[in-house]
Amino acid sequence: MTEKKKIIEACPMWNFMFLTCNKKPQSVNGIIVAVGNDVYDIKQDVIKVGDSVRTIKAGYTVEIDPRPYFVKDWKDQNNPTLVEEMERKQTIKIAWPIEKVDGIDVMIVPDSHVRFFWKNGLE
């Protein structure tokens, strides 16, 4: 995280934050969270915060609420079989808000999508 913080010159606007994009297998309530072949951890480090973010600071670790990023696959809605229904419950597709900022992949998340945070001894 220390190198990424030095390299990114851009700053997020308002209540948005730049987070790392650590890929780790993670499950939420026993459900595997994945995007294609990439599995991202719901816990990420904060690189930079916008001016309107009041509680969270750069260097903290946050847990992102994945629910706003769930992707519903409409073509699977037409009369799924029992097996298809069970498969769908085991894997949820998530469209994480990942963008390139100054050549580095970051998640751009508003502070309202954070469930918990850890200060990591920075206070």
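A residue is called buried here when its relative accessible area is under 20%, exposed when that value is over 50%, and partly exposed in between, with a 1.4 Å probe and protein chains only. By that scale D65 is buried, with a relative accessible area of 12%. The structure is a predicted model, in which local features need pLDDT of at least 70 and side-chain atom pairs count only at pLDDT 80 or more, while totals for chains, interfaces and linings use all residues. Residues are numbered from 1 along each chain as its sequence is written, and side-chain values use heavy atoms, with hydrogens and water left out.

The chain holds 2 helices and 9 strands, where helices (H or I, at least four residues) and strands (E, at least two) are DSSP runs numbered from the N terminus. Along the sequence these elements follow the pattern α-β-β-β-β-β-α-β-β-β-β. Of the 123 residues, 34% count as buried. The accessible surface of the chain is about 8,100 Å², and carbon and sulfur atoms account for 52% of that surface; the areas come from the Shrake-Rupley method with a 1.4 Å probe, and for residues only the protein chains shown count as cover. A contact means heavy atoms within 4.5 Å. Among contacts between residues at least 6 apart in sequence, 67% join residues at least 24 apart.

Next comes the sheet. An open sheet is formed by 6 strands in the order β7-β8-β1-β4-β5-β9, with antiparallel pairing; two strands are taken to pair if DSSP finds at least two bridges between them. Its edge strands are β7 (98–101) and β9 (114–118), each of which pairs on one side only. From one strand to the next the twist averages 45 degrees, based on axes that are lines fitted to C-alpha atoms (for helices over the stretch in contact), with angles running from 0 to 180 degrees between N-to-C directions. Strand β7 is joined by 4 bridges to the antiparallel strand β8 (residues 104–110), and V101 has I104 as its bridge partner in β8. Strand β1 is connected by 3 bridges to β4 (residues 43–49), again antiparallel, and 3 bridges likewise join β4 to β5 in antiparallel fashion. Within that last pairing, K43 stands opposite E63 in β5.

A nonpolar core is a set of buried Ala, Val, Leu, Ile, Met, Phe, Trp, Tyr and Cys residues joined through side-chain atoms within 4.5 Å. The largest such core has 17 residues, and L19, I56, I64, W96 and M107 have the most contacts inside it. Strands β1 (16–19), β5 (61–64) and β8 each supply at least two residues of this core. Apart from it lies another core, of 7 residues, among them I8, F18, I104 and V106. In soluble globular proteins, nonpolar side chains tend to be buried together.

Leaving aside residues up to four places away in sequence, L19 touches Q44, D45, V46, I47, V62, I64, V106, M107 and V109. L19 and M107 are 88 residues apart in sequence, yet their C-alpha atoms are 4.9 Å apart in space.

Charged pairs complete the picture. Side chains of opposite charge can pair when their charged atoms come close. With a salt bridge defined as a side-chain nitrogen of Lys or Arg within 4 Å of a carboxyl oxygen of Asp or Glu, the count comes to 3. In one of them, the side chains of R115 and E63 meet at 3.7 Å, N to O. R115 lies in strand β9 and E63 in strand β5, so this pair ties together parts that are 52 residues apart in sequence. R115 is partly exposed, with a relative accessible area of 38%, whereas E63 is buried at 11%. Another salt bridge brings R67 and D65 together at 2.9 Å, N to O; R67 is exposed, at 58% relative accessibility, and D65, as noted above, is buried at 12%. K100 also forms a salt bridge with D105, the closest N and O atoms being 3.2 Å apart. Here K100 is exposed, at 58% relative accessibility, and D105 is partly exposed, with a relative accessible area of 36%.
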